[in-house]
Every structure is written in structure tokens, then in C-alpha cells.
Amino acid sequence: MLSFVRVHLVPALKLYLLGFKVLLTQLFSKSFRLPVMPRQDGKVVIVTGGARGIGYEVVRLMVGLGAHVIIGGRDEQEGPAAVKRILREHRQAKVEFMKLDLASLQSIRDFVASFKERKLPLNILVNNAGVMLVPEGRTVDGFEQHFGVNYLGHFLLTWLLLDILKDCGKCGFFSRVVNVSSSAHRIGEIRLNNLNICQYYSAHAAYCNSKLAQVLFSSYLHQELQGGEFSVSSCAVDPGMVDTALYRHLWTPLWLPLSIIAHLLFRTPEEGAAPVLHAALSPALEGECGGGYWASGHKEMTTPPTHDPQLQHSLWETSLHLLGLQ
């Protein structure tokens, strides 16, 4: 009984209490309004999970500003359908879908290989796709799903695309990596000796841990890029609590009331996309200013573990090992 409470009930209560606090903050503060962003003609953008929710709204506005946007997603019906909807709104848009399953390292490598064959530039990478509170399971390569999809999949994707991002970074416009994160990282834990071991599984803890790993990765990557004097920046962005399908795996007794509350009180996908677009496009976030953790258009301090250089470095090295990278 005590182990059940510690492993399952405590992480769930911590996450729901955090969610309640975030929701109250949202209700008593103004939603971030995206300023007018500059045209993005000639720029190429990849958005993972861009077929729905926040990702779709990011793609839609990017396309409206003239960018060539590639939606990376695993659903080969939903992706092309999203492209058609956008083309109905912007007839001359440059938008397309490419198959990308972040739960498969081979699919990620195939996606990158296909992209590189086209000799296109890459100016902005938005790591938006993710899973939340999914039942216990493993990716194709044997990683816990939250850790594998939310973190390791995007780590590999970013790593394989870094050479193009570096080549496209120029004075006056840095290439950018934008990681869509969550306030849930604040209650996550990283234990390097059992990153992928789920002796006692909690979907709530697994989600929070994956988001903490994502923030640590984002911060360490930015430091490495700045230290190497590359014209590429990396940041993490919290879109807030947004009315999307991400919450569909909540406990069944909570799903119905929360779906109603979400529709009434959560941010819309368009509102959730605004801080992501700000991090990706704002001229004020060039270079060193573009790093960090952002929420509602402002840089925020996060929990102490996210600033631990030893933890950042150790997670980075462990991830390289797990992915077979040098």
C-alpha cells in the first residue's frame, strides 16, 4: 500500500496540484499576445507534431509569414489533411508533410536523410510533438514512451540536423531550436543510473521527468552552441495549459470534467502557439538572448536542477551513449 501511494498517488497529486496552480495563474493574468513578427520569406522550418493543436497553429502562422514549413508527424492521414486546410487559407503557401515517428530512431534517421537529400536550408526547428500520461509501454527501440518520444527522439532529431542549422546561422539571424516544454518539468527528477528503468511505473512521474530532461538538454545545447561561436540558439518554451488532445490520457474520472473545464478556461491552441512563435521569430531573441526558459513571452527562472551543470553534462553524455552517438 505504501509503495502504491509513493509510486502512483504522490506523483499524480503533485502534477494535478501544479496544474491547478498554473491554471489559477493563467486565469488572473493576461494571455500573451504575439507582437507583429517579421516576414520569413526564404526561411525553412520543421515543426514536429504540426498537424494539430499548438503545432498546427505554429505552422499556420509561419506559413502566413512566408516560411516554407515541413510538418513532421507519424499520422499519414492527419498530416496531409492539415496541409490541405492550410492551403485553403493560404493558397500560395509552402507547406508539406513528411513522415516522422519519434518513437522510432530509424524513422527519425530516415526523415533526416530524406530532408538532407533535398539540399534545403533549415533555419528553425520546433520540437513540439509529445505524449502525456500514456499507459506503460516502450518505443520501437525499447525506451519508456515519455522519455523516448518527448526527449530522446527530439535529441536525436536535433543532433542529426545541427550541421544544417549551423550552416544556415548568420549574423543578423541565428538559426533556432525551440523546445516546447511544460511547467511539469518543475516536479520532475533525473536519476542517471536508471533513466530507462521502470520497475514501478507512474505515467505522471514519467511525463514530468521527460520534460525536465528536455529543459536540461535545451539549456546545455545552447551553452555548447554559444561556446562554439555558432550562430544557433536553443530555448525551451512553456505554452501554458492549452485545450488540446494532450490531456486525453488523464484518469477516466477526471477526463470528462476536465474536458469541459479545458474548453472554458484553458488557453486556445492559437494562444498556446503565441509564446512558441515569439521564441522562434522575435528579432529581440537573437543569439545569447535566445536561450533560457520562456513563458508568456518572458524569460523565467526554473528549478535548481535545470541549472546544474554537472547534471546537464551527465544527461547529455548518457543520451549520446543510449543513442549510439559520438
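Below we talk through strands, ring pairs and a cavity.

Me: What should I know before we start?
Reply: This is a predicted model, where local features need pLDDT of at least 70, side-chain atom pairs count only at pLDDT 80 or more, and totals for chains, interfaces and linings use all residues. Residues are numbered from 1 along each chain as its sequence is written, and side-chain values use heavy atoms, with hydrogens and water left out.

Me: Strands, then. How many residues of E1 are buried?
Reply: In strand E1 (residues 44-48), 5 of its 5 residues are buried. Buried means under 20% relative accessible area, exposed over 50%, partly exposed in between, with a 1.4 Å probe and protein chains only. Strands (E, at least two residues) and helices (H or I, at least four) are DSSP runs, numbered from the N terminus.

Me: Which residues sit on each side of E1?
Reply: Val44, Ile46 and Thr48 are on one side, and Val45 and Val47 on the other. In a regular strand the side chains alternate between the two faces of the sheet.

Me: Which way does E1 run with E2, parallel or antiparallel?
Reply: E1 and strand E2 (residues 68-73) pair in the parallel sense, over 5 bridges. Strands pair if DSSP finds at least two bridges between them. Val47 has Ile71 as its bridge partner in E2.

Me: And how many bridges join E1 to E4?
Reply: 3 bridges join E1 to strand E4 (residues 124-127), and these run parallel. Here Val47 stands opposite Val126.

Me: What does helix H2 make with E1 and E2?
Reply: Helix H2 (residues 53-64) makes a right-handed β-α-β unit with E1 and E2. Right-handed means that, with the strands pointing away from the viewer, the path from the first strand over the helix to the second runs clockwise.

Me: How about E5, what does it pair with?
Reply: E5 (residues 175-180) pairs with E4 in the parallel sense over 4 bridges. Asn127 has Asn179 as its bridge partner there. E5 is also joined to strand E6 (residues 232-238) by 6 bridges, again in parallel. Ser175 is partnered with Val232 in E6.

Me: Is E5 buried or exposed?
Reply: Mostly covered: 6 of the 6 residues in E5 are buried. Arg176 is among the buried ones.

Me: New topic. How many aromatic pairs are there?
Reply: The count is 9 aromatic pairs. Rings of Phe, Tyr and Trp (its six-membered ring) pair if their centres lie within 6.5 Å; planes under 30 degrees apart count as stacked, over 60 as edge-to-face and the rest as tilted. One of them is Phe155 with Trp316, which is tilted at 5.1 Å centre to centre and 55° between the planes.

Me: Why does that pair tie together parts 161 residues apart?
Reply: Because Phe155 lies in helix H5 and Trp316 in helix H9 (residues 309-323). Both Phe155 and Trp316 are buried.

Me: Which residues form the aromatic cluster?
Reply: Phe147, Tyr151, Phe155, Trp159, Phe217, Tyr220 and Trp316 form one cluster.

Me: Last one: how many cavities?
Reply: There is 1 cavity of 30 Å³ or more. A cavity is a set of points on a 1 Å grid over the protein atoms alone where a 1.4 Å probe fits but cannot get out, and lining residues have an atom within 4 Å of a point.

Me: Which helix gives the most to the lining of the largest cavity?
Reply: Helix H5 (residues 145-168), with 3 residues. Asp141 and Phe143 are among the lining residues.

Terms used
On a 1 Å grid over the protein atoms alone, a cavity is a set of points where a 1.4 Å probe fits but cannot get out, and a pocket is an open set with protein on both sides within 12 Å along at least five of seven lines; lining residues have an atom within 4 Å of a point. Grid points are joined across faces, edges and corners, and a volume is the space filled by probe spheres set on the points.
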